[in-house]
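The following exercises are to be worked with the sequence and the three-dimensional model at hand. Each task is followed by a solution in steps.

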Amino acid sequence: MSHLPVIIGMGGVSPAGRTSGHHAFKRLVFNQLSQNQQKASLLSLASLSGLAKQTAADEWLTSQGERLSAAVLLERHQQQLLDDTLIRRIHPDWFDVHAQPGRRALTLQTHDQPLKFVLRQRQLPERIPANWQLRDLTATEIEVTITGPQDFTIADPREALVQAAGMLPTGFNPGAHYRSANHPRALQMAVFGVSDLLGQSGLVWQDLAAKVQPDQIGVFASNSIGQLDQEGWGGLLQSPVVGKRTTSKQMPLGYAQMTADFINAYMLGNIGQSSGLLGACATFLYNLQAATNGIRSGRIKIAVVGTSDAPVTPEIIEGFRAMGALADNASLRNLDGVEQLTADHYRRACRPFADNCGFTIAESAQFILLVSDDLAVTSGAQVLGSVPEVFSNADGFKRSISAPGIGNYLTLAKAAALGRSLLGEKALQERSYVHAHGTSTPKNRTTESHVINEVAKAMGISAWPVAAIKAYVGHSQGTAGGDQMMSALGTWAEGWLPGITTVDHFASDIEASNLKLNNKHEEIGKTAMDMALLNAKGFGGNNASALVLSPEITQGMLTHRHGTKAMQQHQNQLEKTLASSEQHDADFTAGRFNLNYQFGVNVLEGDELKFTANALEIPGYAQKVNLNLPNPFKGMF
């Protein structure tokens with residue numbers, strides 16, 4: 001009997017804002033919200049962006065020291081808060097698009113006249129070139145005379161060719177809320193995201209962890225390309241070339257699995273499984289698959305799953321642009337037939353399944369808390385949904401490593417088939433939808449539309465609803481599946497299916513005979529969809545599709561397995577859980593960001609452990625590690 005992996009918590013931050021409280025999701029459908037919902041989401045953005053924090057019931061202290069009511073604060077800053085989210089023109093906080101950092105190599109020819117200049121003693125190269133002559137001027141200055149040609153590099157800032165990105169809300173600095181010295185941005189985002197997750201769950205982590213053996217907990221987290229900003233491998237590779245010192249932290253903090261390492265060592269004190277899987281755009285779903293398999297088998301009872309990517313850097317953007325993958329300024333101008341791009345053009349840079357010209361890079365951190373179904377019931381946890389299975393398949397032989405192949409047909413078809421097996425054909429045909437990868441490249445729009453359409457035809461689905469939220473938040477690389485998960489959970493909570501509103505019409509070359517593509521938000525209600533299929537078509541043939549079941553369906557499954565009495569007890573406990581979760585939302589909305597970062601706390605050494613033949617006792621952990629392991633291969637001996 002398989003254990004059902006139940007989602008009991010979510011947290012993170014994306015270009016749409018904070019994940020908990022479904023604030024990020026509400027930003028996607030902002031114009032459909034009631035006035036009170038809009039107010040709550042805007043105040044969440046105000047505190048997240050550092051614009052203001054709440055100091056009393058209806059008093060907000062701005063970063064300039066003004067004390068304003070919530071109404072006055074939003075009257076002044078609503079449009080700014082909206083403009084500083086989602087896809088937009090790259091803000092100078094990230095880098096100056098008019099002076100993108102770069103260097104140019106020069107060769108100076110001295111001809112008949114030698115070149116003379118003055119350097120400080122400490123600026124001299126370790127190996128003096130043969131055509132340099134040195135003369136001491138002072139105790140600290142040297143005159144250099146050069147004869148013959150000499151190679152130099154000079155700073156050469158240039159206009160960025162790509163100027164659109166999905167960035168976290170402008171002004172938000174995740175590292176400002178804990179002791180984050182020299183941490184790469186993606187790791188700062190992970191600390192914030194997991195702290196948000198733990199608070200949103202409404203459970204005390206130590207109490208939840210105490211219900212299981214310590215090696216029955218797993219952290220499945222990473223990102224797709226590591227930390228490539230200055231504090232990680234970006235700085236590691238650049239420093240020797242630009243004359244800077246390599247630091248002791250750049251090498252270790254650059255690893256992609258460092259996301260899981262940080263969560264284990266500085267947030268949870270986890271001694272169970274640690275896994276950081278990488279699979280390009282499918283990275284979140286790869287980690288989700290590993291966690292799901294662990295819980296279904298019974299080996300894992302609690303899993304923190306997620307990814308954190310921060311690729312909005314000049315070097316990464318240039319790398320993707322050189323591949324022809326990004327929507328650059330020239331292509332956007334040609335697409336829209338304009339000579340000058342406006343803020344609205346940048347906002348609409350990502351147009352899935354429409355006439356488009358490339359994807360829009362983005363940053364995001366998304367995490368969920370998965371537990372086995374029995375633990376979800378006995379702990380009084382929220383039931384946000386469940387993940388019965390994630391499928392992943394490669395593309396087989398290919399002409400180009402970056403071109404899409406056949407693997408995604410397998411993953412999506414199997415996810416749909418499992419949904420049919422679990423809930424029946426009618427549920428799949430009438431009460432399911434797809435979160436498309438939807439990158440906004442011409443190749444994706446034709447290939448992915450064909451994949452989804454062919455599966456729809458095979459399964460007898462006449463008009464399969466398709467969402468594509470990269471239209472709002474961009475492509476956060478390995479965290480793309482996490483953004484889809486955030487949106488799916490938001491749809492069940494709020495009753496809206498986000499439309500692809502950045503497009504006027506869909507492209508004529510897509511396959512859509514059995515699809516329902518909508519460029520407007522659709523109100524479907526909170527219980528209309530029994531299942532969502534999250535789809536990823538990743539670089540290199542890393543394809544994955546996850547089947548996610550609704551909270552209502554999951555509750556029914558829990559009741560069927562554990563009985564009405566157990567679920568009534570769960571309901572009684574749930575009141576306390578929800579109250580704690582709501583307090584977390586209130587604290588974070590007010591700007592009271594209490595991040596769960598614990599450096600150097602409760603560090604253990606080997607001689608503190610207590611061994612017996614059948615168990616291992618670890619100080620600070622409620623249960624022992626069982627060493628009385630059964631033989632899994634009895635029939636082979």
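Helices (H or I, at least four residues) and strands (E, at least two) are DSSP runs, numbered from the N terminus. The model is predicted: local features need pLDDT of at least 70, side-chain atom pairs count only at pLDDT 80 or more, and totals for chains, interfaces and linings use all residues. Residues are numbered from 1 along each chain as its sequence is written, and side-chain values use heavy atoms, with hydrogens and water left out.

**Exercise 1.** State where Asn-182 and His-22 are found and give the phi of each.

Solution. Step 1: Asn-182 is found in the loop between strand 12 (164–166) and helix 4 (185–201). Its phi is near 65 degrees, a positive value in a residue other than glycine.
Step 1: His-22 is found in the loop between strand 2 (17–18) and helix 1 (23–28). Phi of His-22 is near 55 degrees, also a positive value in a residue other than glycine.
Step 2: His-22 is buried, with a relative accessible area of 13%; buried means under 20% relative accessible area, exposed over 50%, partly exposed in between (1.4 Å probe, protein chains only).

**Exercise 2.** Determine which residues of helix 6 are buried and how they are arranged around the axis.

Solution. Step 1: In helix 6 (residues 233–242), the buried residues are Gly-234, Gly-235 and Ser-239.
Step 1: These residues lie on the same side of helix 6 because they cover an arc of only 115 degrees around the axis. The arc is that of the directions from the helix axis to the C-beta atoms.
Step 2: Leu-237, Pro-240 and Val-241 are exposed on the other side of helix 6.
Step 3: The cover over the buried residues of helix 6 includes helix 7 (250–253).

Conventions
Contact = heavy atoms within 4.5 Å.
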